[in-house]
Amino acid sequence: MSTTTRAAVVESGGAPFTLSAVELDEPRPDEVLVRMVAAGLCHTDLGVAGGGLPFPLPGVLGHEGAGVVEAVGSGVTGIEPGDHVVLSFTSCGDCKNCRDGHPAYCASWLPLNLLGGRRPDGTSTISRDGEPLGGHFFGQSSFAERALVDQRSLVKVDRDVPLESIAPLGCGVQTGVGAVWNVLQPKTGDTLVILGAGAVGLSAVMAAALTPATTVIAVDKVAERLELARELGATHTVNAGEGDILEAIQMITDGAGADGVVETTGSVAVLRKGVDALALRGTVVIVGAPPFGSEVSLDVNGMLGGKRVVGLTLGDHETQNAIPALVKLVREGRLPLDRLISKYAFEDIGQAVQDMGAGKAIKPVLTFG
């Protein structure tokens, strides 16, 4: 039996989110019906809604959901009605990378999460007035009061942690954390630079503060975000609007450069500065995604000192292990996500989008009544 619910639908590229009644398909054996409690708003949602990616519209987005399980498919194990869950990306579970514990690099990641808008067999999870809508976004499409979720998108979490406080773990937070913990893996005394102090960048700052790195430099153009970065663990800040960031990093590091850089802005010009700011054998992690087809030029001879440039998707986490660990850190106050979150009622999604675009909100979280 299908489920009628209310969702924020994007009718076409560039159109606003509008609330509309939709129908969810009956859960298949590998699917779960979740009553949404909270959903984070991410720049990826805005990029797709703006028409920047070929996701089928009209459609329902949302990929940082958190909620309570209402029904489970016949083949789902380890999850039952009443469980609290965080929703993240999905994956096939069968390809080499999935079997090796790297589902963010699933061979079918793009169609399953970002571009397809359908189940792998081409059927739709969401319809309106009998017409299919783009859905299955990151296996969840959580901008709705109820979501039909792929079981590989689900992570069971403790019930004693407010779901509004951990919804962003599904994408942005685990991305910033993973850039530091899974790729850079700082050693004692290392210097890290975080380019961009949005939700992903500040998550990287918080993660860096839990490592042996002794110098953590946050770079942004917004003074208030730089102050927050200091409060969350940055030892130095650089205002990119007040001078050359490369010169500033060289001055802070006495000319040695950075052992690790996390680039979150999506600007190829900033990426190039990040590469140039590296120390010998240093690593830049590319997190920010510019438009498809973007390229960056590099000084080839400058790379011969052992520098590395590494692309990253969703922190390269195995979510069943990573998200519960992050939830524990949130509960214990060691990962203070509440400092990033601004809450909005689901009906106010338009205001949340506006505030995020204007830089007034770092991580908007929609709440469902």
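I looked up the UniProt record, an unreviewed entry, and it places the feature "domain: Enoyl reductase (ER)" at residues 14-366; UniProt positions are given in the numbering used here, feature names are shortened, and annotations may be inferred rather than shown by experiment. Over residues 14-366 the chain is 27% helix and 25% strand, with the end C-alpha atoms 20 Å apart; helices (H or I, at least four residues) and strands (E, at least two) are DSSP runs, numbered from the N terminus.

**Ground rules.** I noted that this is a predicted model, in which local features need pLDDT of at least 70 and side-chain atom pairs count only at pLDDT 80 or more, while totals for chains, interfaces and linings use all residues. Residues are numbered from 1 along each chain as its sequence is written, and side-chain values use heavy atoms, with hydrogens and water left out.

**Helix α4.** I checked the length of helix α4 (residues 172-184): at 1.5 Å a residue its 13 residues should span 18 Å, and its end C-alpha atoms, 17 Å apart, agree with that; the expected span is 1.5 Å times one less than the number of residues. I then found a kink of about 40° in α4, centred on G178, where the bend at a residue is the angle between axes fitted to the seven residues ending there and the seven starting there. Eleven of the 13 residues of α4 are buried (under 20% relative accessible area, with exposed over 50% and partly exposed in between, using a 1.4 Å probe and protein chains only). The buried residues of α4 pack against several elements, including β11 (191-195), α5 (199-208) and α10 (319-331), contact meaning heavy atoms within 4.5 Å.

**Cysteines.** I counted zero disulfides, a disulfide being a pair of cysteine sulfur atoms within 2.5 Å. C92 is in no disulfide, and its nearest cysteine sulfur, that of C106, is 3.6 Å away. C92 is partly exposed, at 28% relative accessible area, whereas C106 is buried, at 6%.

**Salt bridges.** I found 18 salt bridges in the structure, each a side-chain nitrogen of Lys or Arg within 4 Å of a carboxyl oxygen of Asp or Glu. R28 forms one with D121, the closest N and O atoms being 2.6 Å apart. R28 lies in the loop between β2 (17-24) and β3 (31-40) and D121 in the loop between α3 (109-115) and β7 (126-128), so this pair ties together parts 93 residues apart in sequence. R331 pairs with D158 at 2.8 Å between the closest N and O atoms; because R331 lies in helix α10 and D158 in the loop between β10 (154-157) and α4, the parts they tie together are 173 residues apart in sequence.
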